[in-house]
Amino acid sequence: MAGTEEDQKFCLQEVLDTFKLCLSENKEVYLEHYVAGWRGLIKFLNSLGSVFGFISKDAVNKIHILVTLLNGESGSQYVTVQSMVTYELENDLVDLTKRGSHPESGCRTLLRLHRALRWLELFLERLRTSSEEGKTSVMCSEAYNESLSQFHPWVVRKAAGMAFCMLPGRPAFFEVMNVGPAEQVVAKLGEALPLISEVYQITEELYTRQSLMDLP
Ligand SMILES: CCCCCCCC/C=C\CCCCCCCC(=O)N[C@@H](COP(=O)(O)O)[C@H](O)/C=C/CCCCCCCCCCCCC
């Protein structure tokens, strides 16, 4: 009997497939697939144990906000990240300089995941090019320090740093990815990274153009 989504094992191939679906022909980012990509990644995070629970909880909350917008009465405006940005800006639905009446806008929520996507890109690139003895905790904290950490207060940085120390070694990490031997994992990461990178770049350019990079 098939289990629930939470019971299913993480599979890197599935995340790869989801990120492939993210981009439309004219390079718009589909919110539905973007969110599905994160859901897959959270499955991986949950399999690492409860020490990562506070990270997973925050990511799940953000996904929940976006899914609620997607399924809401203005859902058709949230099909792509581009249409979401246009809709929310034209209708004054974004707190641009300080938190106010729109603390859960799609734009600010997606920005948090977008910043985390940069961490993921840096981390996966380190994993892909690491040796068998490479320490995932070091790769993870280097990637974090180069990206997400600048947006987090001291207490979050400290808690994240402690959680990273609990990461399993590279072989166990690769095992959880569920795509076969290490060489295949490395090849799959090589396929996934350009897709993640492109989604990141397109969002980054859009947010920069619209001056949305510092949403409170
Ligand atoms: C291909 C498979 C291998 C890699 C699998 C990676 C799986 C990662 C899955 C999820 C990553 C979590 C994404 C976290 C989003 C964080 C968003 C954020 O920055 N939130 C903060 C700001 O939000 P607001 O307060 O402004 O609403 C919030 O304060 C954060 C709280 C929680 C701490 C976030 C620490 C992030 C560390 C990211 C590294 C995750 C380590 C995973 C280890 C594999």
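**Exercise 1. The ligand shell**

Task: State how many residues surround the ligand and which of them are the closest.

Solution. Step 1: the shell around the ligand holds 24 residues, and the closest are Leu41, Leu45, Asp58, Arg112 and Ala116. The model is a predicted one, and the positions used here are computed from it.

Step 1: assign the shell to helices. At least two shell residues come from each of helix H1 (12-21), helix H2 (31-47), helix H3 (53-71), H5, helix H6 (136-145) and helix H7 (154-164). H5 supplies the largest share, five residues.

Step 2: sort the shell by class. It divides into 20 nonpolar residues, one polar residue and three charged residues.

**Exercise 2. The largest nonpolar core**

Task: Find which residues of the largest nonpolar core touch the most other members, and which helix gives the largest share of this core.

Solution. Step 1: the core has 44 residues, and those that touch the most other members are Leu31, Tyr34, Val81 and Cys107. Helix H5 (residues 106-129) contributes the largest share of this core, seven residues.

Step 1: take Tyr34 from that set. With neighbours within four places in sequence left aside, Tyr34 is in contact with Cys22, Val29 and Val81.

Step 2: In soluble globular proteins, nonpolar side chains tend to be buried together.

**Exercise 3. Helix H4 against helix H5**

Task: Decide whether H4 is parallel, antiparallel, perpendicular or oblique to H5.

Solution. Step 1: helix H4 (residues 81-90) packs with H5 at an angle of about 140 degrees, and the two axes are 9 Å apart.

Step 1: compare the angle with the cut-offs. Roughly antiparallel needs over 145 degrees, and roughly perpendicular covers 65 to 115. H4 is therefore oblique to H5.

Step 2: list the residues that meet. From H4 these are Val81, Met84, Val85 and Glu88; from H5 they are Gly106, Cys107 and Leu110. By class, the contact has five nonpolar residues, one polar and one charged.

**Exercise 4. Val29 and its surroundings**

Task: Is Val29 buried or exposed, and what does Val29 contact beyond its neighbours within four places in sequence?

Solution. Step 1: Val29 is in the loop between H1 and H2.

Step 1: count neighbours. Val29 has 23 other C-beta atoms within 10 Å, so Val29 is buried; the cut-off is 20 or more.

Step 2: read off the contacts. Leaving aside neighbours within four places in sequence, Val29 is in contact with Cys22, Leu23, Tyr34, Thr80, Val81, Val199, Ile202 and Thr203.

Step 3: Val29 and Glu198 are 169 residues apart in sequence, yet their C-alpha atoms are 9.8 Å apart in space. Glu198 lies in helix H9 and is partly exposed, because 15 other C-beta atoms lie within 10 Å.

**Exercise 5. Leu212 and Ser211**

Solution. Step 1: locate both residues. Leu212 is in the segment after helix H9 (182-209), and Ser211 is found in the segment after H9 as well.

Step 1: Not counting residues up to four places away in sequence, Leu212 touches Cys107, Leu111 and Tyr207. Leu212 and Tyr87 are 125 residues apart along the chain, and their C-alpha atoms are separated by 14 Å.

**Exercise 6. Positive phi values**

Task: What is the phi of Lys27, and what is the phi of Ser211?

Solution. Step 1: recall the background. Most residues other than glycine have a negative phi.

Step 1: give the values. Phi of Lys27 is near 65 degrees, which is positive in a residue other than glycine. Ser211, also not a glycine, has a positive phi of about 55 degrees.

Step 2: Lys27 sits in the loop between H1 and H2 and counts as partly exposed, because 13 C-beta neighbours lie inside 10 Å.

Note on methods: Residues are numbered from 1 along each chain as its sequence is written. This is a predicted model: local features need pLDDT of at least 70, side-chain atom pairs count only at pLDDT 80 or more; totals for chains, interfaces and linings use all residues. A nonpolar core is a set of buried Ala, Val, Leu, Ile, Met, Phe, Trp, Tyr and Cys residues joined through C-beta atoms within 7 Å. A residue is buried if 20 or more other C-beta atoms lie within 10 Å of its own, exposed if 12 or fewer, and partly exposed in between; C-beta atoms are placed from the backbone. Helices (H or I, at least four residues) and strands (E, at least two) are DSSP runs, numbered from the N terminus. Two residues are in contact if their C-beta atoms, placed from the backbone, lie within 7 Å. Axes are lines fitted to C-alpha atoms, for helices over the stretch in contact, and angles run from 0 to 180 degrees between N-to-C directions. Angles under 35 degrees count as roughly parallel, over 145 as roughly antiparallel, 65 to 115 as roughly perpendicular and the rest as oblique. Ala, Val, Leu, Ile, Met, Phe, Trp, Tyr, Cys and Pro count as nonpolar, Asp, Glu, Lys and Arg as charged, and the others, Gly among them, as polar. A residue is near a molecule or strand if its C-beta atom, placed from the backbone, lies within 6 Å of it.
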